Each structure stands twice: as structure tokens, then as C-alpha cells.
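Hi,

Here is the structure I promised to pass on.

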Amino acid sequence: MESNFKLKILLFDKDAQFLFNFAKVIEGLLGIEPIIAMNGEDALAKILQFQPHIFIAEVSMGEGSGLDLILRAKNLNPHLYGFSLYSGLLPSGLTKQSII
């Protein structure tokens with residue numbers, strides 16, 4: 001019996017290029033359904049609309065903290081797994097653009 005279940009991940013980052021590339025990778029390689037949000041209000045609306053299983057947000061956002069946004073999102077959907085990414089320098093001086 002084949003399952004129609006598809007893991008849905010909401011991705012939220014202020015860097016559109018990184019966001020779209022990351023979405024393509026997780027969809028193509030892992031078969032995960034990416035949902036993209038470009039601002040906090042859009043992210044919260046998409047949580048209600050699509051009911052993602054996981055929410056990944058950048059820590060440092062122009063309009064507030066990704067951690068604060070995850071807490072707001074968990075109020076909308078308590079079963080949502082949320083975590084935040086730091087978009088500064090990665091180990092060995094790599095930036096997220098250098099690993100795309």
C-alpha cells in the first residue's frame with residue numbers, strides 16, 4: 001500500500017536566493033514539500049493555510065527574531081516542530097551562499 005503522506009516544511013529567510021535554492025534541494029533530493037515565506041506575517045498565514053510539520057526560520061530577521069516567530073507559530077499549531085538557523089558565518093569561514 002502506497003502512502004500519500006508528504007512531509008511539509010515551512011522555510012522562512014530574508015535571503016530569497018538562499019530560500020529558493022534550499023527549497024529546490026529539499027524537494028528534489030528528499031521529496032519534502034517546501035513552503036516558502038518571505039516575511040513574518042506571510043509565515044504565520046501559511047502555517048494556518050498549509051499546516052506544515054516543521055518550521056525553519058532564520059534567527060536574525062529585520063522585523064524581529066526568528067525565535068519569537070517560532071513561538072507565535074507554536075501558538076497557532078502546537079504540534080509544529082520549529083527551529084531557527086543562524087545565517088552568519090559557518091565554521092571555517094563559510095557563508096551560507098558558499099554552500100549552495
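Below is what turned up, starting with the overall picture and moving on to single residues.

Two things to keep in mind: this is a predicted model, where local features need pLDDT of at least 70 and side-chain atom pairs count only at pLDDT 80 or more, while totals for chains, interfaces and linings use all residues. Residues are numbered from 1 along each chain as its sequence is written, and side-chain values use heavy atoms, with hydrogens and water left out.

The chain has three helices and six strands (DSSP runs numbered from the N terminus: H or I of at least four residues for helices, E of at least two for strands). Read from the N terminus, the order is β-α-β-α-β-β-β-α-β. Of the 100 residues, 37% are buried (under 20% relative accessible area; exposed is over 50%, and partly exposed is in between, with a 1.4 Å probe and protein chains only). For contacts (heavy atoms within 4.5 Å) with a separation of 6 or more, 66% are between residues 24 or more positions apart.

Now the charged pairs. Side chains of opposite charge can pair when their charged atoms come close. A search of the whole structure gives two salt bridges (a side-chain nitrogen of Lys or Arg within 4 Å of a carboxyl oxygen of Asp or Glu). One joins Glu 41 to Arg 72, with 3.3 Å between the closest N and O atoms. Glu 41 sits in helix H2 (residues 40-50) and Arg 72 in helix H3, so this pair ties together parts 31 residues apart in sequence. Glu 41 is exposed at 51%, and Arg 72 is partly exposed at 42%. Asp 42 and Lys 46 also form a salt bridge, at 3.4 Å from N to O. Both of these residues are in helix H2, four residues apart, or about one turn of the helix.

What about Asn 77: where is it found? It is in the loop between helix H3 (66-76) and strand S6 (81-85). Asn 77 counts as buried because its relative accessibility is 8%. A polar atom of its side chain lies 3.0 Å from the backbone nitrogen of His 79. Beyond its neighbours within four places in sequence, Asn 77 is in contact with Ile 47, Gln 51 and Pro 52.

Last, Glu 33 lies in strand S2 (residues 33-37) and is partly exposed at 28%. Not counting residues up to four places away in sequence, Glu 33 touches Lys 6, Leu 7, Lys 8 and Ile 9.

Cheers

Methods:
A polar contact is a pair of N or O atoms within 3.5 Å; within protein, one must be able to donate a hydrogen and the other to accept it, and residues adjacent in sequence count only if both atoms are side-chain atoms.
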